Amino acid sequence: MITGTKALLGALALFTAVNVQASEFIYKPASPTEIAVHHQKVEGSHVERFTKPYEIQRLSENVYWVSISNYNVTVLVGEKSVLLIDAPHGTARRLLKAIKSITDKPLSAIVYSHAHADHVGDSRVILKLLGDANIDIYGTAEVRDALISHNVTMPVPVTKIITDGLEFEGHYFKTFTDFNGHTQDNTAFLINDKGRKIIHAIDLVHPDQLEFRSFSNVEDAIAYKNDIDALMGLDWDVMVTGHSNLGYKADVKFVQDYILDVQKYIHEGLAKANFSDHFKGESPFSWYAGYTNEIIDFAHAKMAEKYRKGREEEFDIVAKSHVRVMFWAMFARAL
């Protein structure tokens, strides 16, 4: 299914401005042959995406987005073989079938974005399915160390360390190791394939929906906010996210604005709350619980006024966790 550059040039010619509303995204069935134009996403509900064996969307001449059970990975077809970024748990067989449908070239490299087993846990299964083939396992020193220190044994250990970048069969990935909000070892990868700039950045943005609980269980909510700002400032065209759909700058801008609103309403809640009003009972825990809950409830109510309509189910599940995790990160730093 590897064709020439005409489709790529056509896609690049149709690029439009970054700052768009959600209604301006283009939704089409996933295509392993037709390169997605700017702001093109894959049509279908989250349930449909979860239940399909896999979906493939071509992003450039040599780079593909593959989605399996709501997990997204990047596939790069090199001159002689294939490189895969991430190997989510429970996806190995379908992932290999998806790659086989793209090209007959063998898989020779797997890159880990971070040490969470749900994103890299099936690397060991892939190697077994391929008869314990000699496959290079790439990761930063931080990823390697996180796998070791947390005793994450499901994935195959890292065998080759990535520093500033990674060269693979005529292609170069630039690495970014300073996305530290989700995890300390989270790594983003940027590849420029014949003018199309694709970034693989995992668990930072969930396009077409609100963020997962506590902004995907961030280790540091303030660092996560800085990650979103940094992601917005980088030069890229389309993003492979860990979950959901293809991502664009407009998706990042939505999360950026959402976080700013969370922080704004927390500040408003802090300004109106009086700690002495909650000085009740014998335990200081009860004093702080009443005080912080007043601020969090206030900010959550303000967020509901702006963001709940049209997304009631997910808002009611995750929004208070967003406010709570950001409140404590701000409170700890007196921000």
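This is a predicted model: local features need pLDDT of at least 70, side-chain atom pairs count only at pLDDT 80 or more; totals for chains, interfaces and linings use all residues.
Student: How many of the residues of strand β5 are buried?

Tutor: Strand β5 spans residues 71–77 and is mostly covered. Buried here means under 20% relative accessible area. In a regular strand the side chains alternate between the two faces of the sheet.

Student: Which residue of β5 is the bridge partner of Val66?

Tutor: Strand β4 (residues 63–68) runs antiparallel to β5, and 6 bridges join them. Their hairpin has 2 residues between the strands, and Ser69 takes a positive phi near 50 degrees there. Within β5, the bridge partner of Val66 is Val73.

Student: Which residue in β6 stands opposite Leu76?

Tutor: Strands β5 and β6 form a hairpin with 4 residues between them. Strand β6 covers residues 82–85, runs antiparallel to β5 and is joined to β5 by 4 bridges. The residue opposite Leu76 is Leu83.

Student: Against which helices do the buried residues of α10 pack?

Tutor: Helix α10 (residues 284–307) reaches 34 Å from its first C-alpha to its last, close to the 34 Å expected. Its buried residues include Trp287, Tyr291, Ile295, His300 and Tyr307. These buried residues of α10 pack against α9 (249–272) and α11 (312–333).

Student: At the start of α10, the backbone nitrogen of which residue does a side-chain oxygen of Ser283 reach?

Tutor: Helix α10 comprises residues 284–307. At its start, the side-chain oxygen of Ser283 comes to within 3.1 Å of the backbone nitrogen of Phe285.

Technical notes
Residues are numbered from 1 along each chain as its sequence is written. Side-chain values use heavy atoms; hydrogens and water are left out. Buried means under 20% relative accessible area, exposed over 50%, partly exposed in between (1.4 Å probe, protein chains only). Two strands pair if DSSP finds at least two bridges between them. The expected span of a helix is 1.5 Å times one less than its number of residues. Contact means heavy atoms within 4.5 Å. A polar contact is a pair of N or O atoms within 3.5 Å; within protein, one must be able to donate a hydrogen and the other to accept it, and residues adjacent in sequence count only if both atoms are side-chain atoms.
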